[in-house]
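The sequence and the structure come first.

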Amino acid sequence: MSTFTIKRVDRLVGMSVLGSLLMVWLVLTGFDAMTQLVRQLHNVGKNGYTLNNAIVYVLVTFPRRAYEMFGNAALIGGLLGLGGLASTGELTALRAAGMSRLRIAASAAGVIGVLIMGVVVLGETAAPWGDQQAQAMQLRLKAGNLGMATNSGLWARDGNNIINAKAAMLSARGTVQLADVRVFTMTDDGRLSRFDWARTAEHEGSQWMLHDVRSSVLDAQGVHTRKTDTQSWQSSLDPQVLAQNMIQPQYLSMRDLLSNMAYKERNGESPGSYAVAFWGRALYPLNVLVLVLCAMPFAFGTLRSGGLGKRMFVGMLLAIGWYFLQQALVNFGTVYGVPALPANLLPAMVLALAAWLYFRRHA
């Protein structure tokens, strides 16, 4: 078996796909950014939100938009690049010269694979950082430094303690302060043994401090209540984890997702959406490459004739179909208790099988 070496024809295919991909990527990301800017302009003037804030918001979220749009850009760009070669007869000439369909598809996927490495780095560094900055701006805009995690506030479990904070405030340093805090201390058999309420809770140094505290202890003699201005709170509750809970899991880096998953598992909770988001990020390169390979057959048949509009239509149709297939299978797995890894891996395996059957048939 001959070894794979990069030839001039590989460069021809690769440069054609690269040019189309970069053009589509720029258009998709730019359009998404402009749409978000228009939305942010409606918030100018509220709670001190300025035009500069709106522009900064769009800029810091641009890496995440580029990361999210790359898969669609790779799919549409690949079809445009190979479709252009097919319409001019160059793809037919390459086939006549003995270049297999799999080799042509591999040349296109190789260029995309190189770009994916940079996109993954972008998605693990600049994108999460930008989303956290943007979320902090949005929390200040929506509720004057208040951020509600759910309708009933922010909930957490810390050993035998169940914690509820009605609101989470962002301090000037970007750290989280809990407001209207309720700490329920349970016995091993599930009975309430202590209840603490505090106006605020702050993480100072290496420990939490409760302010304006009212504590109630339940025992055989009844309920004993006392009030204190400040009280040390021995809790392993991680303030960084609380801060990250204000950010949607899909916007966190893989390192932060692992941290959240480990924290929840230590407290006997299911990692849930964090596990789904983690494996979605981990399998992102595989999903993009498999999707591109499955789209390549259209360049050898459907796109051999027809113009730019037809290729764009086919590309968008495949991207939308893939999105709904992936979401349906992942949601199906979540509802029926399928672990996050196989639930996220199944869509890629379905497409990989389809691509393998096609290229095997036309070998």
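## Salt bridges

Arg 194 is partly exposed, as its relative accessible area is 24%. This is a predicted model. The side chain of Arg 194 forms a salt bridge with that of Asp 196, at 2.8 Å from N to O. Asp 196 is buried, with a relative accessible area of 6%, because the cut-off for buried is under 20%.

| Pair | N to O distance |
|---|---|
| Asp 196 and Arg 194 | 2.8 Å |
| Asp 32 and Arg 65 | 3.2 Å |
| Arg 281 and Glu 124 | 2.9 Å |

Asp 32 forms a salt bridge with Arg 65. This pair links distant parts of the chain, with Asp 32 in helix α1 and Arg 65 in helix α2, 33 residues apart. Both Asp 32 and Arg 65 are buried.

Arg 281 forms a salt bridge with Glu 124. Arg 281 counts as buried at 10% relative accessibility, whereas Glu 124, at 23%, counts as partly exposed.

## Chain and cores

The protein chain has eleven helices and seven strands. It has 363 residues, of which 43% count as buried. Among contacts with a separation of 6 or more, 58% are between residues 24 or more positions apart. The chain exposes about 19,100 Å², and carbon and sulfur atoms supply 62% of that area.

The largest nonpolar core has 41 residues, and those that touch the most other members are Val 13, Trp 25, Phe 70, Leu 82, Ile 112 and Val 288. Elements giving two or more residues to this core include α1 (8-41), α4 (101-124) and α10 (308-335). Helix α2 gives the most, with 13 residues. Another core, of 14 residues, lies apart from it and includes Ala 156, Ile 163, Ala 198 and Trp 208.

## Surface patch and hairpin

Leu 41, Val 44, Leu 51, Ile 55 and Leu 59 make a nonpolar surface patch of about 430 Å². Helix α2 (residues 51-87) supplies the largest share of this patch, three residues. Leu 59 is found in α2 and is exposed, with a relative accessible area of 58%.

Strands β6 (residues 207-219) and β7 (residues 222-233) run antiparallel and are joined by eleven bridges. They form a hairpin with two residues between them. Ser 215 has Arg 226 in β7 as its bridge partner.

Notes. Residues numbered from 1 in each chain as written. Predicted model: local features only at pLDDT ≥ 70, side-chain atom pairs only at ≥ 80, totals over all residues. Heavy atoms only, no water. Pairing = 2+ DSSP bridges. Helix = DSSP H or I, 4+ residues; strand = E, 2+ residues; numbered from the N terminus. Patch = residues over 30% accessible without salt bridge, like charges linked within 9 Å, V, L, I, M, F, W, Y side chains within 5 Å. Areas by Shrake-Rupley, 256 points an atom, 1.4 Å probe, with all protein chains shown as cover. Salt bridge = Lys/Arg side-chain N within 4 Å of Asp/Glu carboxyl O. Buried < 20%, exposed > 50% of the residue type's maximum accessible area, 1.4 Å probe, protein only. Contact = heavy atoms within 4.5 Å. Core = buried A, V, L, I, M, F, W, Y, C linked by side-chain atoms within 4.5 Å.
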